[in-house]
Amino acid sequence: MNAVSRRAITGIFAPARQGINLLSHDLSQVQQMRGIRVKVRNGNLEQALAVMQRVMQSSGIERLIKQEQTHHIKNSEKRILARKILERKIKSQDHARKLQTILIKKVRGL
């Protein structure tokens, strides 16, 4: 079971490795390794999946996957998402305004 689960995990969750051309000076040709790698210890696949889920949540990948889904979203969910986005936007603007006043005071020497 350990070999089977290890092969399944590395096949599914291992990042796609692509060649990196170090001799080229063109940065667009250099590609980074992507993905999440999770180790299966003692053949415990359930624990590895739980760890993978936590890593996906913390890195924001789960949110990106949910955004890409094309299923129907209820109006109540749309309202909740719109409210959260608005709160984030207002908070961001508030922080930007505070930062601007701090920088103005520093420039003026107050």
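I take helices (H or I, at least four residues) and strands (E, at least two) as DSSP runs, numbered from the N terminus. Looked up on that basis, the chain holds 4 helices and 0 strands, and its pattern along the sequence is α-α-α-α.

I note that this is a predicted model, in which local features need pLDDT of at least 70 and side-chain atom pairs count only at pLDDT 80 or more, while totals for chains, interfaces and linings use all residues. Residues are numbered from 1 along each chain as its sequence is written, and side-chain values use heavy atoms, with hydrogens and water left out.

Next I looked up burial, where buried means under 20% relative accessible area, exposed over 50% and partly exposed in between (1.4 Å probe, protein chains only). Of the 110 residues in the chain, 9% are buried.

I then turned to the loop between helix H1 (2-13) and H2, where I found Lys39. Lys39 has a relative accessible area of 66% and is therefore exposed. I also recorded that its C-alpha atom is separated by 9.2 Å from that of Met52, 13 residues apart along the chain. Asn42 lies in the loop between H1 and H2, and it counts as exposed because its relative accessibility is 81%. Its phi is near 55 degrees, a positive value in a residue other than glycine. For background, most residues other than glycine have a negative phi.

How do the axes of helix H2 (residues 45-59) and helix H3 (residues 61-68) cross? They come within 5 Å and cross at roughly 80 degrees, so H2 is roughly perpendicular to H3 (a term for angles of 65 to 115 degrees). I list Met56, Gln57 and Ser59 of H2 and Ile61, Glu62 and Ile65 of H3 as making the contact, where contact means heavy atoms within 4.5 Å. By class, the residues of this contact are 3 nonpolar, 2 polar and 1 charged.

Last, I looked up the largest pocket, in which about 530 Å³ of space lies. A pocket here is an open set of points on a 1 Å grid where a 1.4 Å probe fits, with protein on both sides within 12 Å along at least five of seven lines, and lining residues have an atom within 4 Å of a point. The lining has 14 residues, and Glu62, Arg63, Lys66, Gln67 and Leu81 lie nearest the centre of the pocket. H3 and helix H4 (75-108) each supply at least two residues of the lining, and H4 gives the most, with 5 residues.

Definitions and conventions
Axes are lines fitted to C-alpha atoms, for helices over the stretch in contact, and angles run from 0 to 180 degrees between N-to-C directions. Angles under 35 degrees count as roughly parallel, over 145 as roughly antiparallel, 65 to 115 as roughly perpendicular and the rest as oblique. Ala, Val, Leu, Ile, Met, Phe, Trp, Tyr, Cys and Pro count as nonpolar, Asp, Glu, Lys and Arg as charged, and the others, Gly among them, as polar. Grid points are joined across faces, edges and corners, and a volume is the space filled by probe spheres set on the points.
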